[in-house]
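Let's take a friendly look at one protein chain together. Have the sequence and the 3D view ready as you read.

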Amino acid sequence: MAALTFAHHILFSKPAVFLHSTKNGGFSTFFSVSAPFLRRHKSTQTIAAASSLLELGGVKISKEDVVKDEPTNNVPDLIFTKLGLQLHRRDHHPLGILKNTIYEYFDTNYDNQFHKFDDLCPIVTTKENFDEVLVPADHVSRSYNDTYYIDQETVLRCHTSAHQADLLRKGYANFLVTGDVYRRDSIDSTHYPVFHQMEGVRVFSPSDWSDFGMDGTLYAAQDLKACLEGLARHLFGAVEMRWVDSYFPFTNPSFELEIYFQEKWLEVLGCGVMEQEILKRGGKTDNVAWAFGLGLERLAMVLFDIPDIRLFWSTDKRFTSQFTKGQLGIKFKPFSKYPPCYKDMSFWINDSFTENNLCEIVRGVAGDLAEEVQLIDNFTNKKGMTSHCYRITYRSMERSLTDEEINELQWNVRDQVQSQMNIVLR
Ligand code: DAH
């Protein structure tokens, strides 16, 4: 069941969720891996020519700026190929349709007061991604196991909250930031190392709340809840909702909004009243603000009935032609389901083993042909050695795979697991 929850999209939530639990219930260890092993991945995907320049939010970037053969860099080739694709800016793509529907809600209800950013460069400093939103120094999200580092001070943003402080400093008081975010993660139908988030921030001044005889925090919390309940109705219709107390480093109090949809409670977003320290550092000592963050894939998967997160990246006409600009909630009709192929692999783990590292190798070799990586057996012998057996599911969403090509992928994975993770296969 864990695989069907979307807890991973809220990385900064209370410990249970926030320690980034893996499907087997294990937790990724903090700084448990040195980055360099990732460097040796060979992607089977075609990479943009080394000399070609990408433009990201007005910044020109070459592959060499992002993927570096250095111990402090853990960005694989495959991740580089996703930079600049900006699925959320395509009006006919489910993520673009969802983004535009949320824009529409804010534009009509707030008289176009919200500034909209959807082209900010995803390469940010660790200061922006972590420090300025008060993520503690020992927080698991800072580890090389969870975040893509370009160098010690530069990362691919792991959440759109990375832009909060900068935009506040620039004087924006109401804004929405949509963007691609990057996290090292496991492999299943709801996890992909690149996904999309939207962040919202609204700043209040004392004159906003003084007339109501309320304190600023209470006023902001009430306004926040009313705003987000309205947004949930705009997206899902007349659904039952509930607020759950939560924890985020950047908000206090913090909440999660859940809706009852298709017979399940679905977590829609995380939010709260912004920590005063963030405002203070942005030069806004007298103000109070609210903030929220939501994962677009999670919502789009239920709104459009999209069964696998890899489909968002598909260029197959049978997928892309099913969506129309401005039409939220058209139900996706699976065009066909090709047969899966399962391959098991057993090995003794070592101290530095993490599931995220294994998944990075599998994605590096098989790309989007890897549907799931699942721990199916786990035991420790009398000598204290722990054995894991992983089942890798290979399946294309677009065609049948041949035995030959799957065998080759699997041999490649086995090779790389041994050479890069220093692991002995059983
Ligand atoms: N940044 C959080 C995450 O990725 C989501 C989030 C939660 C953003 C609460 C917010 C917030 O602005 O107030 O898990």
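Predicted model: local features only at pLDDT ≥ 70, side-chain atom pairs only at ≥ 80, totals over all residues.

Residues are numbered from 1 along each chain as its sequence is written, and side-chain values use heavy atoms, with hydrogens and water left out.

Start with Leu-98, which sits in helix 4, residues 94-109. Helices (H or I, at least four residues) and strands (E, at least two) are DSSP runs, numbered from the N terminus. Lys-99 belongs to helix 4 too. Are these residues buried or exposed? Buried means under 20% relative accessible area, exposed over 50%, and partly exposed in between (1.4 Å probe, protein chains only).

| Residue | Relative accessible area | State |
|---|---|---|
| Leu-98 | 0% | buried |
| Lys-99 | 4% | buried |

Contact means heavy atoms within 4.5 Å. Apart from neighbours within four places in sequence, Leu-98 has contacts that include Leu-235, Leu-296 and Ala-300. Lys-99, with residues up to four places away not counted, touches His-88, Arg-89, Asp-118, Thr-178 and Met-198.

Now look along the chain: Gln-327 is 229 residues from Leu-98, yet their C-alpha atoms are separated by 8.7 Å.

**A pair of strands**

Strand 9 (residues 240-248) and strand 10 (residues 251-261) run antiparallel, joined by eight bridges. Two strands pair if DSSP finds at least two bridges between them. A hairpin of two residues links strand 9 to strand 10, and Ser-246 stands opposite Ser-254 of strand 10.
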